[in-house]
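I opened the model today to look up its charged side chains. My notes follow, entry by entry.

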Amino acid sequence: MTKPSLPDLLHAAVSAVGGTERPGQVAMAEAVAEAIDDNTHRLIQAGTGTGKSLGYLVPALAHGERVVVATATLALQRQLVERDLPRTVDALHPQLRRRPQFAMLKGRSNYLCLHRLHEGAPQDEEEGLFDQFEAAAPTSKLGQDLLRLRDWADETETGDRDDLTPGVSDKAWSQISVSSRECLGATKCAYGAECFAEAARERAKLADVVVTNHALLAIDAIEGAPVLPQHEVLIVDEAHELVSRVTGVATGELTPGQVNRAVKRAAKLVDEKTADSLQTASESFERVMELALPGRLEEVPEDLGYALAALRDAARNVISAMGATRDKSVQDEDAVRKQALAAVEGVHAVAERILLGSEYDVVWYERHDRFGATLRVAPLSVSGLLREKLFEDRSVVLTSATLKLGGDFNGVAASLGLSAEGVEAEDAPVWKGLDVGSPFDYPKQGILYVAKHLATPGREGTRGDMVDELAELIEAAGGRTLGLFSSMRGAKAAAEELRGRLDNPILLQGEETLGELIKAFAADPKTCLFGTLSLWQGVDVPGPSCQLVIMDRIPFPRPDDPLMSARQKSVEQHGGNGFMAVAATHAALLMAQGAGRLVRASGDRGVVAVLDPRLATARYGSFLRATLPDFWYTTDRNQARRSLAAIDAAAQADGK
């Protein structure tokens with residue numbers, strides 16, 4: 001039997017989803033197939049509207065060996081498993097003469113734990129377990145959530161939190177879920193045979209395509225205990241997010257509250273002397289943290305060093321003692337022991353890591369008004385880790401709408417541990433970059449307006465001229481505005497000021513769930529939506545409700561961000577340009593994502609307005625502009641307002 005051709009398969013899949021074949025999608029599918037066949041690596045930039053999901057799914061399914069697809073957002077995971085994969089498999093089945101299987105796999109804490117549900121959660125303050133269903137008042141929000149979870153447990157086939165609609169609070173979910181460290185393991189657990197997390201793993205082992213997330217991919221790479229099944233091909237979608245997700249997984253933290261919980265959980269399982277030493281160390285650590293000031297610790301201060309050494313040693317003794325003692329008077333002792341061990345091991349690992357003082361780690365204090373001080377440790381770079389763990393023994397395709405920063409792939413490649421394109425270096429995987437473009441006509445569909453006449457934004461304080469400009473632009477647009485701010489303080493201040501000035505409703509992130517805000521914004525063209533980071537990347541509102549995207553300033557990282565400033569300093573010490581490699585690259589990525597909110601469909605028209613003159617005047621401005629879609633560019637404020645008014649009038653004439 002002749003093997004079906006890739007163009008035929010792609011045509012069948014696109015027809016099945018009711019789409020239109022696009023040259024960029026064809027080019028992408030061919031590049032993915034070539035990478036799989038040659039066992040090589042690709043970075044593929046595929047602009048909005050390319051249909052990149054099918055661009056990688058079709059060659060992946062045609063390949064026949066197991067493929068792992070890792071993505072950053074829950075929305076795309078669900079889209080792949082609930083919509084794209086079922087339709088594509090149905091469409092390809094007649095030509096492939098087989099029906100590829102697919103499955104979703106997440107971290108253990110995303111699945112309901114039957115042991116925790118039926119036996120209760122180990123109690124911190126008292127012996128044994130406590131029944132969370134008894135403890136929570138049935139009339140309270142927590143009580144109602146828990147009762148709903150108990151009913152849902154009898155109906156659900158997956159136990160996956162995301163299949164529960166409507167959802168429940170994190171607090172409620174934590175009562176019936178466990179982390180991988182707290183899990184008893186299928187062989188020791190009375191509910192092991194029915195375990196939802198184990199069932200998901202078994203489904204993944206049998207699947208041709210496993211859909212997972214960046215965090216689980218990072219855990220699989222970092223912790224050395226394989227979570228994902230063996231696979232020949234890895235496709236990383238939304239790859240611009242990968243470095244920050246891996247950094248998040250590789251970051252450790254210690255708080256007095258966390259250490260206190262570990263002490264309470266361990267106290268009933270070890271002798272009094274061993275428990276007291278951990279309690280004493282915990283109190284010393286708490287005293288040091290009360291005086292902690294936010295900022296990076298270039299060296300561990302003496303008082304913190306003593307407190308961490310005491311914590312590390314006491315935690316090690318508790319771990320040894322817990323391995324040697326059994327106490328049958330403790331109800332469901334295995335679960336209590338496992339949770340206590342996980343808590344103490346977590347404290348020990350972070351204390352020891354900070355004391356090791358690796359030059360490849362950054363340590364800092366954070367202080368929160370409500371939660372007090374936190375001690376954090378994160379890798380200076382994850383590029384070496386990714387180079388070693390991601391690209392060995394498999395073909396890797398990384399794709400996103402924004403991978404070319406400043407006009408080439410090399411910035412993103414360096415963050416992934418790759419050398420410059422076309423440069424062969426020892427131990428550095430060889431890769432090729434491909435930009436398949438976008439089906440949208442950006443110069444005709446959008447304008448990039450930079451408010452060159454405004455004052456350069458300072459670090460703090462209100463910007464009266466910026467708010468005036470914002471009001472004028474929103475009035476010209478008739479609402480229809482997504483306001484992307486570099487800080488929540490800026491978003492709030494602008495919203496409060498403009499609510500008093502304009503007739504347009506202004507929604508503010510945090511005043512309602514993000515999903516509800518986006519729904520309300522899309523429903524009424526006169527409405528504006530203001531917010532920060534998650535809006536820069538998470539809004540998909542095609543049509544006339546979003547015809548003006550405003551960025552209040554270039555979103556450089558804060559100068560006092562300990563990790564970013566440490567990374568910048570490290571680049572400079574190695575002879576590079578730290579500002580361009582770290583701060584400008586960070587800003588370019590966010591601005592490209594933010595500008596991408598404007599044109600989501602072929603009929604969309606509008607303006608991206610950047611209210612920061614540095615985009616037009618600073619030397620790095622051309623680097624940032626080269627990362628944005630190829631909109632028609634102007635610094636003429638009257639031109640911007642006339643264009644917005646014309647777009648608004650056209651939308652109103654269409655009854656929108």
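**Salt bridges.** I counted a salt bridge wherever a side-chain nitrogen of Lys or Arg is within 4 Å of a carboxyl oxygen of Asp or Glu. By this rule I get 33 salt bridges. This is a predicted model, so I took local features at pLDDT of at least 70 and side-chain atom pairs at pLDDT 80 or more, while totals for chains, interfaces and linings use all residues. Numbering runs from 1 along each chain as its sequence is written, and side-chain values use heavy atoms, without hydrogens and water.

**Lysine 106.** I looked up its partner. Lysine 106 forms a salt bridge with aspartate 162, with 2.5 Å between the closest N and O atoms. Lysine 106 is in the loop between β3 (102-104) and α5 (114-119), and aspartate 162 is in the loop between α7 and α8 (170-174), so the pair ties together parts 56 residues apart in sequence. I took helices (H or I, at least four residues) and strands (E, at least two) as DSSP runs, numbered from the N terminus. Is lysine 106 buried or exposed? Lysine 106 counts as buried, at 5% relative accessibility. My cut-offs are under 20% relative accessible area for buried, over 50% for exposed and partly exposed in between (1.4 Å probe, protein chains only).

**Arginine 99.** Arginine 99 pairs with aspartate 90, the closest N and O atoms being 2.7 Å apart. Arginine 99 is partly exposed at 42%. Aspartate 90 is partly exposed too, at 45%.

**Helix α9.** Lysine 205 forms a salt bridge with glutamate 202, at 3.2 Å between the closest N and O atoms. Both lie in α9 (residues 196-206), three residues apart, about one turn of the helix. An α-helix has 3.6 residues a turn, so residues three or four places apart point the same way. Lysine 205 is partly exposed at 48%, and glutamate 202 is partly exposed at 39%.

**A network.** I also noted Glu469, Glu472, Arg637 and Arg641, which are linked by salt bridges into a network.

**Negative patch.** Glu388, Glu392, Asp393, Glu426 and Asp427 gather on the surface in a patch of negative charge. Patch members have over 30% relative accessible area and no salt bridge, with like charges joined within 9 Å. Asp and Glu count as negative, and I placed each charge at CG of Asp or CD of Glu. Aspartate 393 sits in the loop between α16 (383-390) and β12 (395-400) and is exposed at 74%. Aspartate 427 sits in the loop between α17 (410-415) and β13 (431-435) and is exposed at 64%.

Methods
Patch = residues over 30% accessible without salt bridge, like charges linked within 9 Å, V, L, I, M, F, W, Y side chains within 5 Å. Areas by Shrake-Rupley, 256 points an atom, 1.4 Å probe, with all protein chains shown as cover.
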